[in-house]
Each structure stands twice: as structure tokens, then as C-alpha cells.
Amino acid sequence: MSINLETPKKFDMLINQAHQVSTEIFRPISRKYDLASNAEPGGPIKELDMLASLIDGMNASGETNTGARGVRRNKNVEGNQNGSNMSGVLSIMEACWGDVAMVLSMPRQGLGNAAIASVANDEQHERFDKLWASMAITEPGFGSDSAAVSTTAVLDGDHYVLNGEKIYVTAGGRSNAVVVWATLDKSLGRAAIKSFVVEKGTPGMVVERLEHKLGIRASDTATIRFTDCRVPKENLLGSPEIELDQGFAGVMQTFDNTRPLVAAMAVGCARAALDEIEDLLKEAGVEVDYDRPAFSQHAAAAAYLQMEADWEAAYLLMLEATWMADNNKPNSLQASMAKAKAGRSGVDITLRCVELAGAYGYSENSLLEKWARDSKILDIFEGTQQIQQLIVARRLLDKSSAELK
């Protein structure tokens, strides 16, 4: 398998547009909404509505698929493709160079939209395309072990009746729909877990509270309860059949597409910190020389080179997982590797940049301290570092979840 590591020329305009949005829209309001939302989480961000409409127009033109809604696999792939997954990942990376929380607060750019794009059939994809969807997986009884879902979905005529509680739902307060993971039959284990699109206003669905958080403060994080919530059976994403031989594969396909997206968020945030610290080093008279060994340079320059190498590794793993998705190749291993590497590297790089900047990096005079706070969630949601390493180990050792826990 050969991959050209140069950014495809057809995405140049998209990347430039995303970078311009980061520079002219996200960065100027980044600190404002970080502070405001810490005091009152879930408040409106009016600047994002117009931007969301612009992105909708770009997607409707058919020339590109920007952001989370672009992660849809093409079943008829011929030759090497850099398609909607790649355009989505590259645009998200550039946007998160501006602000991760703003990206997570963008209408119709939520992880729920990525889930719909990943597993919905053509009719559902068209029907739900205009929704802004959050993803509701985590429950009070579990975090990253998605197989432990206890929210139930019982078929009753033309509806499924949902009962359960979901926590840490990103954009769960602002979005107008939620993709809810629920089990059709707890006794059948992982294979019975399905995802359902539940629109806001559905009786029995209540947003109970919004959380105060360490980072991504401008993005609301909700607790949502479902009590005898009736959802049309057509809102079950994918096949309603419980296929024991497939296990968890159907619903887990969502992660194969969304984990590279989260990796892109971490890569973009880390790049922002690296660019900032590079400018600060130049102001301090510290030159980073790529043609000399790190040990022969200033200690701060050596640290920068180490971080740059770490960032590059995460970036390339992200590209590999995304390219495989565009070419309809199984990428569960690569998606978890990219998520694990990018999540850990993002935290390490942003914290090290704060350290190198000293008191300036720890203060609110710079966005460095904010990026360090924001990056932590990218190592947690969509599966923690430990979960990703466990998945990688299972794939490499050819072990089942029962054999390697």
C-alpha cells in the first residue's frame, strides 16, 4: 500500500478557507466564549450560525464535503481515492487550529452528524442531512466501554421506546437531535446495540443539565434522560436485525470514521500551540535549525524539534486511517492508532508549550493555556487512550474482546 503524503491539490482551497475561518472568526472570539461559557455553559454563539450556513452551501454545491458530515464511505472505489473523509479531516484540522470548542459547537458538524454519515442508509442520510446531531453513548455506569450500554430500546408497533440516561453529550443542549446508542436485548450482548436518531422535542426526552468543564467550555456538554421516549422505527440507523455473527461491528463502524476526525482535532490544536511557541522562540532569539542535530542546539530548540517529530507522527497516522476509509479498506486498527497517538501527543505538546512559554503561557494573555485545557478531552472522548491501546493490542494479537480485556 503506497500513500502520497503531499496534501492533494484539490483540497488547497478548502484548507485555505478553513484556515481563514480560524484566523478571522474563531481566534478573535475564542477567549470571549471560553470565559462566558464557564460562567454560563451552553449559551448561544451567534457568530457560528452564519458560518454554518456557509458550510452548508459549500456541501450543497457538491464540490466538497466539509467537516463531520463528509465521513461517508464510497462502496464503489476504483484506484487511490482522497475523498470526503480526507476533505472532512483536513478541514476539521485547520478549523481546530482556530478553536476546538467552536468546531464542536458548529451546527450540523457534531459527532452525531458523523455517525449518521457513517452508518445511515441513503434514505436516512437524505432525511437527516439538515439536522444538527449530537452523539449520546456514555452513561453513569460506564465511560469508554461502549458494549456496556444499558439504555434500552423496545419495539412497540411502529416505534421504539427508549429508556435510560446519557451523560457527557457534546453539544447536547444546543443540537436539535441526538444519536442515541441503546440495546434491543441486553441478554444478547454487543450485537444488540443499535443507534437511533432522536429529535429534540420528542416526548420523554429531557436535557437535565449542562456541565462546567476544564476545557472546550464554549461547547456545551449535557446530561439527557429518556423516559418512555417513542422514536419512529425508521430512525434506527442501519439494519434493525440483531446479527450475532457480526457482533458489535455494525454500530462500531461509526468509530472507524469518527476517530480520525478526533485525531484531526488534536493535531490541529497541537499545531496551533507549536506555531505560537515557534513565534515566541524567535522573539527570544532562539533559532530552530532543522539541519543540525537537536543535541547541538539550544534546549528550547531541541524541545521544539522533538515536539515537531511527535506531531508529524500523529499527523501521518491520521492521514493513513482517513485514506483507508476513503478507499473502503478496513481501518479499525489504524483509526485507533491515530486516535491514541494524536490524543496523547496533543496533550503532551500543548502542555510542553505552556512550560516553554513560562508565566506567559500560563496566563490568559496567550491562548496556550486554553489549548492545553482543550486538548485533554481529545484524549478522552471517542474512546480513552487506554481503550485505544486495548483495541490496537486485540487487532495485532488477533484476540477477541473476551480473550483480551
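Let me start with helix α5, residues 111–119: nine of its nine residues are buried, so the helix is largely enclosed by the rest of the structure. Buried here means under 20% relative accessible area, exposed means over 50%, and partly exposed is in between, with a 1.4 Å probe and protein chains only. The buried residues of α5 are Leu111, Gly112, Asn113, Ala114, Ala115, Ile116, Ala117, Ser118 and Val119. Helices (H or I, at least four residues) and strands (E, at least two) are DSSP runs, numbered from the N terminus.

A word on the source. This is a predicted model, in which local features need pLDDT of at least 70 and side-chain atom pairs count only at pLDDT 80 or more, while totals for chains, interfaces and linings use all residues. Residues are numbered from 1 along each chain as its sequence is written, and side-chain values use heavy atoms, with hydrogens and water left out.

Next, helix α3, residues 84–98. Its 15 residues reach 22 Å from the first C-alpha to the last, close to the 21 Å expected at 1.5 Å a residue; the expected span is 1.5 Å times one less than the number of residues. α3 is mostly covered, with 15 of its 15 residues buried.

How do α3 and α8 lie relative to each other, roughly parallel or roughly antiparallel? Their axes come within 7 Å and cross at roughly 150°. The two helices are therefore roughly antiparallel. The contact involves Ser84, Asn85, Met86, Val89, Leu90 and Met93 from α3, and Tyr315, Met318, Leu319, Thr322, Trp323, Ala325 and Asp326 from α8. Those contact residues divide into nine nonpolar, three polar and one charged.

For the terms: axes are lines fitted to C-alpha atoms, for helices over the stretch in contact, and angles run from 0 to 180 degrees between N-to-C directions. Under 35 degrees counts as roughly parallel, over 145 as roughly antiparallel, 65 to 115 as roughly perpendicular, and the rest as oblique. Contact means heavy atoms within 4.5 Å. Ala, Val, Leu, Ile, Met, Phe, Trp, Tyr, Cys and Pro count as nonpolar, Asp, Glu, Lys and Arg as charged, and the others, Gly among them, as polar.

Now the strands. Two strands pair if DSSP finds at least two bridges between them. Strand β2 (residues 152–156) and strand β3 (residues 159–170) run antiparallel, joined by five bridges.

Strand β4 (residues 177–183) runs antiparallel to β5, with seven bridges; threonine 183 stands opposite isoleucine 193 in β5. Six of the seven residues of β5 (residues 193–199) are buried, so this strand is largely enclosed by the rest of the structure.

Last, some individual residues. Histidine 212 sits in the loop between β6 (205–210) and β7 (221–232) and, at 52% relative accessibility, counts as exposed. Which residues does histidine 212 touch, not counting those up to four places away in sequence? They are Asn38, Ala39 and Pro41.

Asparagine 328, in the loop between α8 (299–326) and α9 (332–357), has a positive phi near 55° although not a glycine. Aspartate 398 also has a positive phi, about 55°, and is exposed at 67% relative accessible area.
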